[in-house]
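Thanks for asking me to look this one over.

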Amino acid sequence: MAIPGYCGRILRVDLTHRRLSEEPLDEGMLRSYIGGASLAAKYLYGEGPPAIDWAHPENRLIFAAGPINGARMAGAGRIAVVAKGALTGGGACSEANGYFGAYLKFSGFDAIVVQGQAPDCVYLYVHDGMAELRDARNLVGKDTWETETLVKEELGKRERELSVYSIGLAGENLVRFAAIVGDQGHVAGHNGLGTVMASKKLKAVAAARGHGLIEVADPQALSQVNK
């Protein structure tokens with residue numbers, strides 16, 4: 001049974017073992033952790049060992065969307081990025097606008113939970129209920145705009161058909177306050193989340209526009225609230 005406002009599943013990415021898997025979400029848990037940041041915090045604090053530092057492979061890096069993402073409402077493309085941050089070593093949450101939150105939902109997932117460390121630089125491509133890890137060694141040394149352009153070219157996607165969030169040179173060089181940048185200028189900029197992403201050798205995450213639709217409990221009421 002569909003959960004209004006949600007896809008009802010997350011994508012797990014184990015970079016160390018290059019393993020992708022899906023996990024269902026139940027309505028009770030979603031009601032307890034409303035919104036992308038809250039859902040992501042549940043995985044960060046519920047799974048990562050407390051004593052690890054930000055660069056440890058078991059530090060979780062989570063991209064999460066809330067129940068409004070993908071609905072017919074202003075700001076519905078926003079994404080929350082959560083991890084133990086590189087700048088302070090404490091829990092970090094940064095939100096960015098753009099399309100990624102909506103496209104992630106259209107692609108069939110409410111969140112991506114990343115752990116481990118890839119042996120070589122990779123990027124994650126999410127589309128139509130599926131996901132794949134792709135070689136990103138050719139993207140090393142590229143800034144975020146160059147990376148976004150090259151990923152779109154490789155996947156044969158035009159403007160607004162794909163949302164790409166990536167790290168640039170600051171992240172690759174483990175500058176403690178490096179950001180994650182997407183959709184040509186939207187930024188998850190707090191507490192060095194780009195540095196955490198770089199430590200995992202994850203150059204970018206990309207979500208296609210997809211063909212999925214997000215069901216809401218009361219579309220008419222949502223429309224009125226939006227107005």
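1. Let me start with a pairing: Asp 14 has Gln 115 in S6 as its bridge partner. This belongs to a parallel pairing of strand S1 (residues 9-14) with strand S6 (residues 111-115), which runs over five bridges. Please keep in mind throughout that the model is predicted.

2. Which residues touch the most other members of the largest nonpolar core? In this set of 38 residues, they are Leu 61, Phe 63, Phe 100, Ile 112, Leu 124, Ile 180 and Leu 202. Helix H3 (residues 100-106) gives the core its largest share, five residues. Phe 100 is worth a click: beyond its neighbours within four places in sequence, its contacts include Phe 63, Ile 79, Ile 112, Tyr 165 and Val 205. Another core, of 15 residues, lies apart from the largest one, and among its members are Ile 3, Leu 25, Ala 40 and Tyr 43.

3. On cysteines, a search of the whole structure finds zero disulfides. For Cys 7, the nearest cysteine sulfur is that of Cys 93, 19 Å away. Is Cys 7 buried, exposed or partly exposed? Its relative accessible area is 29%, so Cys 7 is partly exposed. Cys 121, by contrast, is buried, because its relative accessible area is 15%, under the 20% cut-off.

4. Thr 144 sits in helix H4 (residues 144-155). Its relative accessibility is 13%, so Thr 144 counts as buried. Leaving aside neighbours within four places in sequence, Thr 144 is in contact with Ser 166, Ile 167, Gly 168 and Val 181.

5. Finally, Asn 173 is in the loop between helix H5 (169-172) and strand S10 (180-182). Asn 173 counts as exposed because its relative accessibility is 59%, over the 50% cut-off. Which backbone atom does the side chain of Asn 173 reach? It is the backbone oxygen of Leu 169, at 2.8 Å. Asn 173 and Ser 199 are 26 residues apart in sequence, with a C-alpha to C-alpha distance of 9.4 Å.

Conventions: Residues are numbered from 1 along each chain as its sequence is written. This is a predicted model: local features need pLDDT of at least 70, side-chain atom pairs count only at pLDDT 80 or more; totals for chains, interfaces and linings use all residues. Side-chain values use heavy atoms; hydrogens and water are left out. Helices (H or I, at least four residues) and strands (E, at least two) are DSSP runs, numbered from the N terminus. Buried means under 20% relative accessible area, exposed over 50%, partly exposed in between (1.4 Å probe, protein chains only). Contact means heavy atoms within 4.5 Å. A polar contact is a pair of N or O atoms within 3.5 Å; within protein, one must be able to donate a hydrogen and the other to accept it, and residues adjacent in sequence count only if both atoms are side-chain atoms. A nonpolar core is a set of buried Ala, Val, Leu, Ile, Met, Phe, Trp, Tyr and Cys residues joined through side-chain atoms within 4.5 Å. A disulfide is a pair of cysteine sulfur atoms within 2.5 Å. Two strands pair if DSSP finds at least two bridges between them.
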